[in-house]
Amino acid sequence: MKPASPSTPVPIAPPGPRLVSLDFFRGLTMFLLVAEGAGVYVALGGAVSEQSAAGWLLAQFHHHPWNGLRFWDLVQPFFMFIVGVAMWFSVNKRLAGGDSWGRVFAHMARRCAILLALGVMLHIGYSGRLVWELWNVLSQLSFTILVAFLIMFRPVREQIGISLGLLLTTELLFRFAGIPGFDQPFVKDHNFGSFMDLVLMGKLNAGGGWVAINCVPTAAHTIWGVLAGRLLAGERDPSEKIRILLLAGAAGLAVGYGLDWSGVTPIIKRICTSSFVIVSGGWCLLTLALSYAVIDLRGFRRGTLPLIVVGMNPIFIYVFMETAGKQWFRDFVAIFVEGALGALGVAGAAAAVVSSLVVLALAWYLCWWLYRRAVFIKI
């Protein structure tokens, strides 16, 4: 696979108008992640019955235990897809500004190295000791960005073929690698991905069934994001752009759910089966199409700014909430909020909900403070 290089003509696209829909989509995704870091979903879960309609709704904000799809299973694909969409615009902006392909590649390689380091660092923080673990989304993203970048100027059909090839490769390895003890393709801790965890890290994911080589199939999300960005930046009529996104998204849902319902390949987010990647990719495309149609074409932007500001520093606010947010800030705020509410006779689950919402509000205000001062922390 030969990437575009200084000796290969690169289709430089001059910077166009900013896609507010992309800012909104990214902001919504990051707001959901910040709310998770603030403990909102756990706190709300402790205040309602699991058997109630509210309990079912809150379950959608937690990963499915294995075979199935919940809303929260779409957040990481959203994140990786959005990175791909934004990459098309950012890379072309740099090239149009005079940067060479080599210089942009060096920037991307450095960015991926930093993301990998941050992902490992977060696992060290979770464990409270030095560990080598690669399950974090940032570690995964360091791989998917590099793959998507190296092929982003290839013909569209070739990029689609490569993305499907990544899915087929992992599907075949899971089914036919035939490694004793790891030859059950869709069984937790007994599949090819779990074997590779032993090779790469010398351990299995404790209880969750996550595997590090998820980065290979989910690279398709970032590749498809690049293609969506290429489409939106192109000269096609806006209505045709929406039609293509909707058709591709609907096809993703039909194929992904079809593979699961027919019993061919189950939808399992924790090992990123091909059916999961395809169906979640379909939801990514449909969400982008809806956002683009409503916000950029219809001009409906009222109420979008509070979400947009959260997405303007995505890596920073994610890392902050996964470190200081979870490991110190939540407990610190709870001392004051739950203490004050307890003095007023409000305690237990209700006080925990209020405390988590206060943490969320303060995290949002931090994003707003950075936004108002035009401070955008990039890597």
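In which helix does histidine 107 lie? Histidine 107 lies in helix H5. The model described in this report is a predicted one.

## Histidine 107 and its surroundings

Histidine 107 has a relative accessibility of 18% and is counted as buried, because the cut-off for that class is under 20%. When residues up to four places away in sequence are set aside, histidine 107 touches Arg94 and Ile379.

## Aromatic pairs

A pair of aromatic rings is described by two values, the distance of the centres and the angle of the planes. Across the whole structure, a search finds 22 aromatic pairs. One of these joins phenylalanine 105 and phenylalanine 149, whose rings are stacked, at 6.2 Å centre to centre with 25 degrees between the planes. Phenylalanine 105 belongs to helix H5 (residues 101-127) and phenylalanine 149 to helix H6 (residues 137-151), so the pair ties together parts that are 44 residues apart in sequence. The two residues can also be described by their accessibility. Phenylalanine 105 is partly exposed, at a relative accessible area of 30%, whereas phenylalanine 149 is buried, at 1%.

Tryptophan 328 and phenylalanine 332 provide another stacked example. Their ring centres are 5.2 Å apart and their planes meet at 25 degrees; the pair is therefore stacked, since planes under 30 degrees apart fall in that class. Both residues lie in helix H13 (residues 314-343), where a spacing of 4 residues separates them by about one helical turn. Tryptophan 328 is partly exposed, with a relative accessible area of 48%, and phenylalanine 332 is also partly exposed, with 36%. These two residues belong to a cluster linked by ring pairs, which includes Phe316, Phe320, Phe329 and Phe336 as well.

Two packed helices are described by the angle between their axes and the distance between the axes. Helix H9 (residues 219-233) packs with helix H10 (residues 238-261) at an angle of about 160 degrees, and their axes are 9 Å apart. H9 and H10 are therefore roughly antiparallel, as angles over 145 degrees are placed in that class. The crossing of H9 with H10 is right-handed. On the H9 side, the contact is made by Ala228, Leu231 and Leu232, and on the H10 side by Lys241, Ile244 and Leu245. By class, 5 of the contact residues are nonpolar, none is polar and 1 is charged.

H10 also packs with helix H11 (residues 274-297). Here the angle is about 155 degrees and the axes are 7 Å apart. This angle makes H10 roughly antiparallel to H11. The crossing of H10 with H11 is left-handed. The contact between H10 and H11 contains 20 nonpolar, 5 polar and 1 charged residues.

## Packing of H1 and H13

Helix H1 (residues 20-37) and H13 have axes that come within 9 Å of each other and cross at roughly 10 degrees. H1 is therefore roughly parallel to H13, because angles under 35 degrees are classed in this way. H1 passes H13 in a right-handed crossing.

From H1, the residues in contact are Arg26, Met30, Leu33, Val34, Glu36 and Gly37. From H13, they are Pro314, Ile317, Tyr318, Met321, Glu322, Lys326 and Arg330. The contact of H1 with H13 divides into 7 nonpolar, 1 polar and 5 charged residues.

## Leucine 19: apart in sequence, together in space

Leucine 19 is found in the segment before H1 and is buried, with a relative accessible area of 12%. Leucine 19 and aspartate 296 are 277 residues apart in sequence, yet their C-alpha atoms are 6.8 Å apart in space. Apart from neighbours within four places in sequence, leucine 19 is in contact with Phe89, Leu232, Tyr292 and Asp296.

## Two loop residues with positive phi

Aspartate 189 is situated in the loop between helix H7 (156-176) and helix H8 (192-201). The phi angle of aspartate 189 is near 70 degrees, a positive value in a residue other than glycine. Aspartate 189 is partly exposed, at a relative accessible area of 22%.

Cysteine 272 is situated in the loop between H10 and H11. For cysteine 272, phi is near 45 degrees, which is again positive in a residue other than glycine. Cysteine 272 is buried, with a relative accessible area of 4%.

Methods. Residues numbered from 1 in each chain as written. Predicted model: local features only at pLDDT ≥ 70, side-chain atom pairs only at ≥ 80, totals over all residues. Heavy atoms only, no water. Phe/Tyr/Trp six-rings, centres within 6.5 Å; stacked < 30°, edge-to-face > 60°. Buried < 20%, exposed > 50% of the residue type's maximum accessible area, 1.4 Å probe, protein only. Axes fitted to C-alpha atoms, helices over the stretch in contact; angles between N-to-C directions. Parallel < 35°, antiparallel > 145°, perpendicular 65-115°, else oblique. Left-handed = near helix turned anticlockwise from the far one by under 90°. Contact = heavy atoms within 4.5 Å. Nonpolar A, V, L, I, M, F, W, Y, C, P; charged D, E, K, R; others polar.
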